[in-house]
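Hi there,

Here's the structure I promised to pass on to you. Have a look at it first, and then read my notes below.

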Amino acid sequence: MTSSRPYLLRALYEWILENQCTPYIVVNAYANEVMVPQEYVKDGQIILNISPSAVHALEMTNEAINFNGRFSGIPTPVYVPVTAVMGIYARENGQGMVFETENPSPEPPPPAPKSVKNENKPDKSKASESKSRSRPSLRVVK
């Protein structure tokens, strides 16, 4: 399945605006393809106000958030891949959501080949497990 992050971002953005609050996003500024003014990056993160009054031409797609913003009065294009967004919240009350970092899941290891010798012999550990597992019982304690 595709990531739910872009859908949640758009929904939370709308929810924050409908409640007359200011949406901010927390961005991993060192993630691949992130284009933000580096002089405003602190501890590898940047917090961006993405309210309609703060940005121009905001686009929130399944791949990225991009807009034109102003930093110290200087118009600056901003591009943030959705995977670099660490959270979205309302400035006024902190309500929002933090996201887990999305790493590509590693491919599972190939199944180990079964040994022909062990197929015919009963596994002692399995036999002892089934013997040690007894049916639970209840008893009255006074």
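Before the strands, one term: two strands count as paired if DSSP finds at least two bridges between them. By that rule β1 and β6 are a pair, with five bridges joining them, and they run antiparallel. Keep in mind as you read that this is a predicted model.

Now the overall layout. The protein has three helices and seven strands, and along the sequence they follow the pattern α-β-β-β-β-β-β-β-α-α.

Tyr-24 has Tyr-89 in β6 as its bridge partner. Tyr-89 also has a bridge partner in β7, namely Gly-96. β6 and β7 (residues 96-98) are joined by three bridges and run antiparallel. Together these two strands form a hairpin with five residues between them, and Gly-94 in the turn has a positive phi of about 75°.

Another group of strands to find is an open sheet in the order β3-β4-β5, with antiparallel pairing.

Next, the inside. In soluble globular proteins, nonpolar side chains tend to be buried together. The largest nonpolar core here has 27 residues, and those touching the most other members are Leu-9, Ile-25, Val-27, Val-36, Leu-48, Val-80 and Ile-88. Elements giving two or more residues to this core include α1 (5-18), β1 (23-28) and β6 (85-90). Which element gives the most? That's α1, with four residues.

Finally, some totals for the whole protein. Of its 142 residues, 29% are buried. The accessible surface comes to about 11,100 Å², and 54% of that belongs to carbon and sulfur atoms. Among contacts between residues at least 6 apart in sequence, 52% join residues at least 24 apart.

Definitions and conventions. Residues numbered from 1 in each chain as written. Predicted model: local features only at pLDDT ≥ 70, side-chain atom pairs only at ≥ 80, totals over all residues. Heavy atoms only, no water. Core = buried A, V, L, I, M, F, W, Y, C linked by side-chain atoms within 4.5 Å. Buried < 20%, exposed > 50% of the residue type's maximum accessible area, 1.4 Å probe, protein only. Contact = heavy atoms within 4.5 Å. Areas by Shrake-Rupley, 256 points an atom, 1.4 Å probe, with all protein chains shown as cover.
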